Amino acid sequence: MATLEQRNHARSYLKKAEEYLASAEANLQAGRYTVAAGDAIHAGICAKDAIVTELTGTTTKGKDHAQAAKELRQALGQRPDAASTEKALRELISSKADVEYGVTLIPAVKAEALLRRARSLVELAIRIVRLNG
């Protein structure tokens with residue numbers, strides 16, 4: 001079980017995830033699909049940080065985002081949603097370079113898909129961090 005300080009860190013990551021998700025939703029509604037996609041990616045990464053910190057007490061920070069999905073899967077263990085959650089994060093992370101550094105604008109359909117992935121991660125983070133389940 002996480003210490004009080006670790007739980008506070010998990011809550012902070014969750015708050016960031018929720019803020020990024022809200023921004024992604026607003027940007028999607030405004031037709032800013034590339035920005036919405038970027039916000040969705042950040043929401044998913046922050047949700048991962050919240051989940052892993054709550055379950056293990058710490059999370060890894062680094063440039064190798066592929067490791068983040070493995071870390072998430074390991075922290076979730078045998079939970080029934082572990083595989084789908086890992087897949088959602090992998091899909092978000094795999095789009096990061098194109099969204100943030102590429103020259104192509106992201107279409108609405110892609111932004112919507114990324115938002116769905118982010119939403120699922122944030123919802124799980126809420127259940128684990130805020131609802132302890």
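Reader: Where is the place of Glu86?
Author: Quick ground rules: this is a predicted model, where local features need pLDDT of at least 70, side-chain atom pairs count only at pLDDT 80 or more, and totals for chains, interfaces and linings use all residues. Residues are numbered from 1 along each chain as its sequence is written, and side-chain values use heavy atoms, with hydrogens and water left out. Helices are DSSP runs of H or I with at least four residues, numbered from the N terminus. Glu86 belongs to residues 82-101, helix α4.

Reader: Does Glu86 count as buried or exposed?
Author: Buried is under 20% relative accessible area, exposed over 50%, partly exposed in between (1.4 Å probe, protein chains only). Glu86 comes out at 13%, so it counts as buried.

Reader: Which side chain makes a polar contact with the side chain of Glu86?
Author: Skip residues up to four places away in sequence, and Glu86 touches Ala69, Lys70, Leu72 and Arg73 (contact: heavy atoms within 4.5 Å). A polar contact is an N or O pair within 3.5 Å; within protein, one atom must be able to donate a hydrogen and the other to accept it, and sequence-adjacent residues count only if both are side-chain atoms. At 2.9 Å, the partner is Arg73.

Reader: And Lys48, which side chain does a polar contact join to it?
Author: Lys48 is in helix α2 and is buried, because its relative accessible area is 2%. Beyond four places in sequence, its contacts include Thr60, Ala68, Glu71, Leu72 and Leu89. The polar contact, 2.8 Å between side chains, is with Thr59.

Conventions:
Helix = DSSP H or I, 4+ residues; strand = E, 2+ residues; numbered from the N terminus.
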